[in-house]
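Good morning. I will go through one structure, starting with its sheet. Please look at the picture while I talk.

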Amino acid sequence: MSLVCLCSVHGSPGVTTTALALAGAWPEGRRCLLVEADPFGGVLAARFGLRDTPGLASLAAVSRNGLDGDMVWRHAQQLPGGVTVLVGPPSADQAHAVLRDLASALADWCAGSTEVDVIADCGRLTPGSSTDVALQQADGVLLLTRPTPDQLRPATYRLTTLGVSGLGARLLLVGDSPYDAAEVASGLSVEVAGVMAWDPRTAGALCGAVGGKDLRRSPLVRSAASLAQRLAVELPAVVADGSGAAPAPSAFEVGGEGRP
Ligand SMILES: Nc1ncnc2c1ncn2[C@@H]1O[C@H](COP(=O)(O)OP(=O)(O)O)[C@@H](O)[C@H]1O
Ligand SMILES: [Mg+2]
């Protein structure tokens with residue numbers, strides 16, 4: 001199992017949208033679970049008309065004495081296009097409390113299980129964030145930023161801090177204007193993991209807007225699929241054992257509804 005954490009430090013660059021696109025485009029043959037671990041509160045349930053429970057809050061309530069895969073899957077929900085998600089509680093107070101209780105156990109489960117890859121939407125990082133423990137155990141940390149000076153500067157500072165604490169964190173750009181990946185990498189001496197295509201129409205569909213066609217050919221989903229392929233090569237192999245969630249790759253086959 002691999003744990004990939006997506007996060008930001010400033011603004012709202014597109015962490016949730018990218019996490020969903022990545023989970024939906026995850027390579028065939030590898031199971032994927034999206035965990036909405038944003039300390040500022042989850043939005044996916046609201047965006048897709050799901051209930052807040054089951055989710056992280058209900059999982060936290062039953063896992064005080066430990067966590068296993070069956071419990072995790074029982075508290076997951078399916079998004080309309082098939083991505084399996086543990087939705088986060090909508091309020092920041094509750095999200096913070098739940099993550100404080102659950103983040104360590106979830107990260108341990110990730111480390112000990114071989115059945116699935118986990119993509120965690122860790123939202124915006126703050127000093128001493130309740131998701132720090134998940135970041136510490138992650139196989140990959142992607143720090144998202146738009147390539148604008150106001151987002152790049154705080155992101156680069158935070159990347160340095162994450163690097164100092166031993167994490168293999170990289171920037172993931174959302175869009176390539178005004179600076180493209182090569183300019184960011186050379187200008188700031190940072191590692192850039194990739195670029196998510198700037199694609200407001202598909203991003204809108206991934207935020208729950210109805211309308212649109214087959215998302216698989218969209219620039220945003222193509223960029224997510226390309227990143228997913230590259231990440232899957234870097235990450236430890238998973239063992240499919242026939243239990244738990246269904247494989248994820250068909251998540252964007254729902255042409256016509258505009259939903260993942
Ligand atoms: N690749 C993208 N292209 C265009 N707009 C995007 C993209 N990713 C996200 N957005 C838009 O940015 C806004 C914030 O997205 P969201 O994923 O909620 O950000 P965050 O989780 O970082 O707060 C939404 O309006 C979303 O549609
Ligand atoms: Mg978000």
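Strand S3 and strand S4 (residues 84–86) run antiparallel and are joined by 2 bridges. Two strands pair if DSSP finds at least two bridges between them. Helices (H or I, at least four residues) and strands (E, at least two) are DSSP runs, numbered from the N terminus. Gln78 has Thr84 in S4 as its bridge partner.

A word on the source. This is a predicted model, in which local features need pLDDT of at least 70 and side-chain atom pairs count only at pLDDT 80 or more, while totals for chains, interfaces and linings use all residues. Residues are numbered from 1 along each chain as its sequence is written, and chains are lettered from A and ligands numbered from 1 in the order in which they are written.

Back to the sheet. The sheet is open, with 8 strands in the order S3-S4-S2-S5-S1-S6-S7-S8 and mixed pairing. Its edge strands, each pairing on one side only, are S3 (77–78) and S8 (192–196).

Next, the helices on the sheet. Helix H7 (residues 149–164) lies across S6 (140–145) and S7 (169–174), and runs at about 165° to S6. Helix H8 (residues 181–188) packs on the sheet, touching S7 and S8, and its direction makes about 150° with that of S8. For these angles, axes are lines fitted to C-alpha atoms, for helices over the stretch in contact, and angles run from 0 to 180 degrees between N-to-C directions. Two residues are in contact if their C-beta atoms, placed from the backbone, lie within 7 Å.

Some backbone details sit in loops. In the loop between S7 and H8 we find Pro178, and the peptide bond from Ser177 to Pro178 is cis, with omega near 10°. The bond from Thr53 to Pro54 is also cis, with omega near 0°; Pro54 lies between helix H2 (44–48) and helix H3 (56–62). Ser189, in the loop between H8 and S8, is not a glycine, yet has a positive phi of about 55°.

How do H1 and H10 pack? Helix H1 (residues 15–24) and helix H10 (residues 219–234) meet at an angle of about 65°, with their axes 8 Å apart. H1 is therefore roughly perpendicular to H10, a term for 65 to 115 degrees. On the H1 side the contact is made by Thr18, Ala21 and Leu22, and on the H10 side by Leu220, Val221, Ala224, Leu227 and Ala228.

Last, the ligand. Around ligand 1 there are 16 residues, the closest being Ser12, Gly14, Thr16, Thr17 and Ala203. A residue is near a molecule if its C-beta atom, placed from the backbone, lies within 6 Å of it. H1 and helix H9 (200–206) are the elements that give two or more residues to this shell.

Definitions and conventions:
Angles under 35 degrees count as roughly parallel, over 145 as roughly antiparallel, 65 to 115 as roughly perpendicular and the rest as oblique.
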